[in-house]
Amino acid sequence: MSFEDAIALQPQWVRYWLSWLLIAVLILPLFLLRWRKSMLAGLATVLATGASGFAQNWLYDQMGYVKLLGLAHIVFWTPLAFYLVSQLRRHDLPIWPRRIIVVVLGTILISLAFDYADVLRYILGERTPVPGTV
């Protein structure tokens, strides 16, 4: 089963969340490229998201649909979250890039909350594949 097939078997709310995730961390950051002062934040977000997607697919190929898949987000998005917070502290950041970064950062933080919980559960022994994906 492909990664996409496994995702298709998840509850509807998970599929909605994953759709929002793609919009918030891949499409919205592209708008940050419009302003010089937010260009690096947009580029960093797109690159971190691409790297985490690549790593997540690699983990899926190695282990299947297990709770450890969140590790890819943890590795790439945790430093990104700190960077985005630092960008929000800048006084010279225009209002629209600031708003976009707030939405992107909020989405990343919610995702990371799920990811840290899932990875911790995996480390503590919950290693069976996610139901419906076996």
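Analyst: Below, we take some labels one by one and check each against its rule. One thing to keep in mind is that this is a predicted model.

User: What makes the chain agree with a compact globule?

Analyst: Here we set two values side by side. A compact globule with 134 residues would have a radius of gyration near 14 Å, and the chain has 16 Å, so the two agree. Along the principal axes, the C-alpha trace spans about 50 × 25 × 25 Å. Buried residues make up 40% of the 134 residues. Among contacts with a separation of 6 or more, 70% are between residues 24 or more positions apart.

User: Now Gly70. Why is Gly70 called buried?

Analyst: Buried means under 20% relative accessible area. Gly70 has 5%, so Gly70 is buried. You'll find Gly70 in the loop between helix 3 and helix 4.

User: Which residues is Gly70 in contact with, leaving aside neighbours within four places in sequence?

Analyst: Those are Gln56, Asp115 and Val119. As for Gln10, which is 60 residues away along the chain, its C-alpha atom is 15 Å from that of Gly70.

User: And Leu22, why is that one called exposed?

Analyst: The label exposed needs over 50% relative accessible area. Leu22 has 52%, so Leu22 counts as exposed. Leu22 sits in helix 2.

User: Which residues make the nonpolar surface patch?

Analyst: Trp20, Leu22, Ile23, Leu26, Ile27, Phe31 and Val103 make a patch of about 610 Å². To join a patch, a residue needs over 30% relative accessible area and no salt bridge. Leu22, at 52%, is over that cut-off. Helix 2, residues 12-31, gives the most to the patch, with six residues.

User: Let's go inside. What makes a group of residues a nonpolar core?

Analyst: The members have to be buried, be of a listed type such as Leu or Ile, and be joined through side-chain atoms within 4.5 Å. The largest core here has 22 residues, and those with the most contacts inside it are Trp77, Leu80, Leu84, Ile101, Val104, Ile108 and Leu112. Helix 2, helix 3 (39-63), helix 4 (71-88) and helix 5 (95-123) each give two or more residues to this core. Helix 5 has the largest share, with eight residues. Another core lies apart from it, with nine residues, among them Phe3, Ala6, Ile7 and Tyr65.

User: Which residues is Leu80 in contact with, again leaving aside neighbours within four places in sequence?

Analyst: Leu80 is in contact with Ala44, Thr45, Ala48 and Ile108.

User: Last topic, charges. How do you know that Lys67 and Asp118 form a salt bridge?

Analyst: A salt bridge needs a side-chain nitrogen of Lys or Arg within 4 Å of a carboxyl oxygen of Asp or Glu. The closest N and O atoms of Lys67 and Asp118 are 3.8 Å apart, and that passes. Lys67 lies in the loop between helix 3 and helix 4 and Asp118 in helix 5, so the pair ties together parts that are 51 residues apart in sequence.

User: Are Lys67 and Asp118 buried or partly exposed?

Analyst: Lys67 has a relative accessible area of 17%, so Lys67 is buried. Asp118 has 21%, so Asp118 counts as partly exposed. The cut-off for buried is under 20%.

User: What ties Lys67 to Glu126?

Analyst: Their side chains meet in a salt bridge, at 4.0 Å from N to O. Glu126 is in the segment after helix 5, so this pair links parts that are 59 residues apart in sequence. Glu126 is at 36% relative accessibility, so Glu126 is partly exposed.

User: And where do Arg121 and Asp118 lie?

Analyst: Both are in helix 5, three residues apart, about one turn of the helix. Arg121 forms a salt bridge with Asp118, with the closest N and O atoms 3.9 Å apart. Through shared partners, salt bridges join Lys67, Asp118, Arg121 and Glu126 into one network. By the salt bridge rule, the count comes to six.

Notes: Residues are numbered from 1 along each chain as its sequence is written. This is a predicted model: local features need pLDDT of at least 70, side-chain atom pairs count only at pLDDT 80 or more; totals for chains, interfaces and linings use all residues. Side-chain values use heavy atoms; hydrogens and water are left out. Patches are made of residues with over 30% relative accessible area and no salt bridge: like charges are joined within 9 Å, nonpolar side chains (Val, Leu, Ile, Met, Phe, Trp, Tyr) within 5 Å. Accessible areas come from the Shrake-Rupley method with a 1.4 Å probe; for residues, only the protein chains shown count as cover. Helices (H or I, at least four residues) and strands (E, at least two) are DSSP runs, numbered from the N terminus. Buried means under 20% relative accessible area, exposed over 50%, partly exposed in between (1.4 Å probe, protein chains only). Contact means heavy atoms within 4.5 Å. The radius of gyration is taken over C-alpha atoms; the globule rule is 2.2 Å times the number of residues to the power 0.38.
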